[in-house]
Amino acid sequence: MTYSTSAHDCAANGTRPTLPLVFAVLLVAVCLAIIGVGIFVPLYGDETATKLMRGMFIANGWKFNTLLPQCRPEFLREVPRLLLPGALAYDFAYSHASPLGIRIGGMVVDVGIMGFLGIAVKSWADSKQSRLPWIAAVICVAGLGVLPLTLVMARGEQMLLLLLLIFICAPHLISRYVPRLNVGWILACAIAFCVLQSIFFYTHPKSLFFFPVLFLSAWLAFWPINRVACACVLVITLLTLRAALHFAFALTDCPGAPIFATFMQSQTTPPSLIWSHPLEFVAQVWNNVRNAPDAMLVHMKFADVYQSGWLTASQGVAASRLTRWVNGGIESIVYAVYLCAAILPPATLVCSLVRRQRANIAAWILMALWVSIAAHVAMYRVWNFYSAGLVLPLMMISATLSAIELSSMGVLKASTRTLFIWLSPLYLLFFASAAVLLFKVMPSTIHASRSPGIDMQGQLFSVPVFNYGSRRAEIRSFASQCGVKGDAAKRLVIDNLTLFAFDGLREPLQSDYVTEKAFGVDYRGEAQLALLRRARAKAIIARCTLLSDTVRAAAVEKDGLCCLDLNRPQ
């Protein structure tokens, strides 16, 4: 590094702590404050689905729970053997997790993401370069708007981001810390790599876009130290990819619900268009690429209300002068990151080939990441509030590592002081954005987390992470009055709230996924009850809000909760 900011050096020089050190401490403090207040973000329905689908693997008979009996009567799917380590890891993490436990788990993943963002920059940067400005820049982009609050959520995107950062760092870390002649260490690293990629592919079908990163990471990490281990890891990587492809196609196959299937297919551009209508495919891909920055910004910027009520409404926030200034700055930064991420990685590869006659580890990893991000952006039509939490940090780390590589090759030259000056608008924007988040957005969210009622007003798919004990007792008492056995029940229809009231559930269904007001749109009225009985569901106990009128009419209702014994003649 160009300078030292350690206390020892300061004491030796007889000076006070440097400005960069003060800046680093302030940055870390603000980041920890943002992560800390994330504990008040209510548990969103998709996070509950993570537990139901992936986190109850053993309780579901060692199968994956699709929660979609409308697609096929048997909604449980076999998990390929190479994905079993991932399934067991999720079961260990989530099978007994409470709402608060799931949120804390998301916060731990978030801390890991921030840590590996820093490790990636630190491990790639030349020792003569200042790492602090680059690390700060990456963290600041990930902390803009309401984006950092999505990073504490227990969704697939957050885990994919953490694991991708680990894979990006793996070649550098293994080459630096693993002895070439130590077979035990090499074997341990190879096993760990295979387990992590099993978790990665099991986490979400989006993982398939990033296969090039895993393949290049395995090759560059193990080829220099042991070619037999490298060959074994690469073969397992390819076999795991094949298993993940078959698994993903099986999960998305939905012949029993054509309306729902059409909705899901509309989220992405169909790859089949490449052969049937190539010009239309190109047009759709270009439209997706062009619209991606705006699609991310819609959900990143501060607003009065947020998609699906994932965050508590904050009336009047968007109208304030500071918020308008911050939102404008966020827009500029997102466009700048998008442009840099599109240009710098290919430029790095070209410069590496020209100046060094062959591309180094960094250039190849960056190009693999560039291809993966480009494929994701090109194929996705619809962006939800959690989507940018994966793509934008990856774009920023890609652009940052590219700039570091270009600097090490002498293409870009900038002193530490110059970097701080260039990046200072981003730093100031981050601190202003953090102020809006902490003092204008979070107060209403913190207040809503103390809601004593069953429902959170305006947040139909969310559950408070605190004070669940009283709700649990109320739900269990109501289930007993209805004659519904909750503990150890098999195929009980629950929702995001009632799931956590019972112990030992097996093969549960989630009301949000089968109601005609959401994913069960193909089955309305009596057909919905018939669907649940065909799936051998025993009873329903859930909040009444999202249940269909037919179900509510047949159910017992009390204080916002509904229960219905599906085996009892109506």
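In strand β9, Cys 563 is the bridge partner of Val 556. That pairing belongs to a set of 3 bridges that join strand β8 (residues 556-558) to β9, and the two strands run antiparallel. Helices (H or I, at least four residues) and strands (E, at least two) are DSSP runs, numbered from the N terminus, and two strands pair if DSSP finds at least two bridges between them. Between β8 and β9 there are 2 residues, and the two strands form a hairpin. Look at the turn and you will find Asp 559, which has a positive phi of about 50 degrees.

Before going further, a word on what you are looking at: this is a predicted model, in which local features need pLDDT of at least 70 and side-chain atom pairs count only at pLDDT 80 or more, while totals for chains, interfaces and linings use all residues. Residues are numbered from 1 along each chain as its sequence is written, and side-chain values use heavy atoms, with hydrogens and water left out.

Strand β9 has another partner as well. It pairs with β7 in the antiparallel sense, over 5 bridges, and Leu 561 in β9 stands opposite Arg 543. How many of the residues of β9 are buried? The count is 4 of 5, and the strand is mostly covered. Here, buried means under 20% relative accessible area, exposed means over 50%, and partly exposed lies in between (1.4 Å probe, protein chains only).

Is Thr 498 buried or exposed? Its relative accessibility is 0%, so Thr 498 counts as buried. Leaving aside neighbours within four places in sequence, Thr 498 is in contact (heavy atoms within 4.5 Å) with Tyr 468, Ile 475, Ile 541, Ala 542 and Leu 561.

Now for the cysteines. A search of the whole structure finds 3 disulfides, a disulfide being a pair of cysteine sulfur atoms within 2.5 Å. One of them joins Cys 482 to Cys 563, with 1.8 Å from S to S. Cys 482 sits in helix α19 (residues 468-482) and Cys 563 in strand β9 (residues 561-565), so this pair ties together parts that are 81 residues apart in sequence. The link is left-handed, with -80 degrees about the S-S bond, and both Cys 482 and Cys 563 are buried.

Cys 544 lies in the loop between β7 (539-543) and α22 (549-554), and it is 18 residues apart from Cys 562. Cys 544 and Cys 562 are both buried.

The disulfide of Cys 71 and Cys 254 has its sulfur atoms 1.9 Å apart. What does this pair tie together, and why? Cys 71 is in the loop between β2 (63-65) and β3 (76-78), and Cys 254 is in the loop between α11 (227-252) and α12 (258-265), so the bond ties together parts that are 183 residues apart in sequence. With -85 degrees about the S-S bond, this link is left-handed. Cys 71 is buried at 8% relative accessible area, and Cys 254 also counts as buried, at 8% relative accessibility. If you number the bonded cysteines in sequence order, the pairing reads 1-2, 3-6, 4-5.

Finally, let us look at the nonpolar cores. A nonpolar core is a set of buried Ala, Val, Leu, Ile, Met, Phe, Trp, Tyr and Cys residues joined through side-chain atoms within 4.5 Å. The largest has 173 residues, and the members that touch the most others are Phe 222, Phe 302, Trp 310 and Ile 397. Helix α18 (residues 416-448) gives the most to this core, with 13 residues. Not counting residues up to four places away in sequence, Phe 222 touches several residues, among them Ile 174, Cys 189, Phe 193 and Val 233. A second, separate core has 18 residues, including Leu 529, Leu 532, Ala 535 and Leu 547.
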